[in-house]
Amino acid sequence: MIFCQAQPIPYQYGYDIAGDHGEFKQTRQEQGDGHGNVQGSYSYVDAHGISRQVDYVADGHGFRAQIRTNEPGTESQNPADVELHAQPAQVHAPAPAYGYAAPAPRHAYY
């Protein structure tokens with residue numbers, strides 16, 4: 001009987017996406033060594049300049065992330081091995097509407 005042992009295969013991938021009119025940008029990058037150790041990042045910037053970037057590592061010590069954002073309502077803190085760096089949003093002029101409207105806020109009434 002012949003047994004085939006699979007060899008670990010390192011990998012790397014990523015992408016960058018931007019709206020046709022510059023209304024948003026998204027990125028994603030990740031690489032793994034084939035032994036369960038992974039590092040990567042993902043980010044976005046919307047038409048109003050609101051952004052989030054997450055850099056992360058997953059390995060024998062667990063998952064650890066560092067987040068940089070200027071999202072309204074966030075503040076710098078470090079819960080559960082996550083570093084969150086919040087900055088005030090620099091509001092840009094309203095972006096032209098290209099068929100997207102934010103949903104109206106929903107309220108729960110009990």
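This is a short walk through the model, stop by stop, with something to select at each one.

Before you start, keep in mind that the model is predicted: local features need pLDDT of at least 70, side-chain atom pairs count only at pLDDT 80 or more, and totals for chains, interfaces and linings use all residues. Residues are numbered from 1 along each chain as its sequence is written, and side-chain values use heavy atoms, with hydrogens and water left out.

**Stop 1: the tyrosines of strand 1**

Select Tyr11, Tyr13, Tyr15, Ile17 and Phe24. Together they form a nonpolar patch on the surface, with about 430 Å² of accessible area. A patch here takes residues with over 30% relative accessible area and no salt bridge; nonpolar side chains (Val, Leu, Ile, Met, Phe, Trp, Tyr) are joined within 5 Å, like charges within 9 Å. The areas come from the Shrake-Rupley method with a 1.4 Å probe, and for residues only the protein chains shown count as cover.

Which strand gives the patch its largest share? Strand 1 (residues 11–18) does, with 4 residues. Strands are DSSP runs of E, at least two residues long, while helices (H or I) need at least four; both are numbered from the N terminus.

Now check how open these side chains are. Tyr11 is partly exposed at 33% relative accessible area, Tyr13 is partly exposed at 37%, and Tyr15, also in strand 1, is partly exposed at 38%. The scale is simple: buried is under 20% relative accessible area, exposed is over 50%, and partly exposed is in between (1.4 Å probe, protein chains only).

**Stop 2: ring pairs**

Rings of Phe, Tyr and Trp (its six-membered ring) pair if their centres lie within 6.5 Å; planes under 30 degrees apart are stacked, over 60 edge-to-face, and the rest tilted. By that rule there are 3 aromatic pairs. Stay on Tyr11 and Tyr13: their ring centres are 6.4 Å apart and their planes at 20°, so this pair is stacked.

Next, select Tyr42 and Tyr56. Their rings make a tilted pair, 6.3 Å centre to centre with 50° between the planes. This pair links distant parts of the chain, with Tyr42 in strand 3 (residues 38–46) and Tyr56 in strand 4 (residues 51–59), 14 residues apart. Tyr42 is partly exposed at 37% relative accessibility, whereas Tyr56 is buried at 7%.

**Stop 3: Arg28**

Move to Arg28 in strand 2 (residues 24–32), partly exposed at 21% relative accessibility. Which residues does Arg28 touch, leaving aside its neighbours within four places in sequence? The contacts (heavy atoms within 4.5 Å) are Tyr13, Gly14, Tyr15, Ser41, Tyr42 and Tyr56. Draw a line between the C-alpha atoms of Arg28 and Tyr13: it spans 8.1 Å, for residues 15 apart along the chain.

The side chain of Arg28 also makes a polar contact of 2.9 Å with the side chain of Tyr56. A polar contact is a pair of N or O atoms within 3.5 Å; within protein, one must be able to donate a hydrogen and the other to accept it, and residues adjacent in sequence count only if both atoms are side-chain atoms.

**Stop 4: salt bridges**

How many salt bridges does the whole structure hold? The search finds 4, each with a side-chain nitrogen of Lys or Arg within 4 Å of a carboxyl oxygen of Asp or Glu. One of them joins Arg28 to Glu30 at 2.8 Å, N to O, and Glu30 is buried at 12% relative accessibility.

Select Glu71 and Arg52 for another, with the closest N and O atoms 2.7 Å apart. Here Glu71 sits in the loop between strand 5 and strand 6 and Arg52 in strand 4, 19 residues apart. Glu71 is buried at 15%, while Arg52 is partly exposed at 31%.

Then pick Asp55 and Arg68, whose closest N and O atoms are 3.0 Å apart in a salt bridge. Asp55 lies in strand 4 and Arg68 in strand 5, so this pair ties together parts 13 residues apart in sequence.

**Last stop: Asn70**

Finish at Asn70, in the loop between strand 5 (62–69) and strand 6 (82–86). Buried or exposed? Asn70 is buried, at 10% relative accessibility. Polar atoms of its side chain lie 3.0 Å from the backbone oxygen of Gly49 and 2.7 Å from the backbone nitrogen of Ser51.
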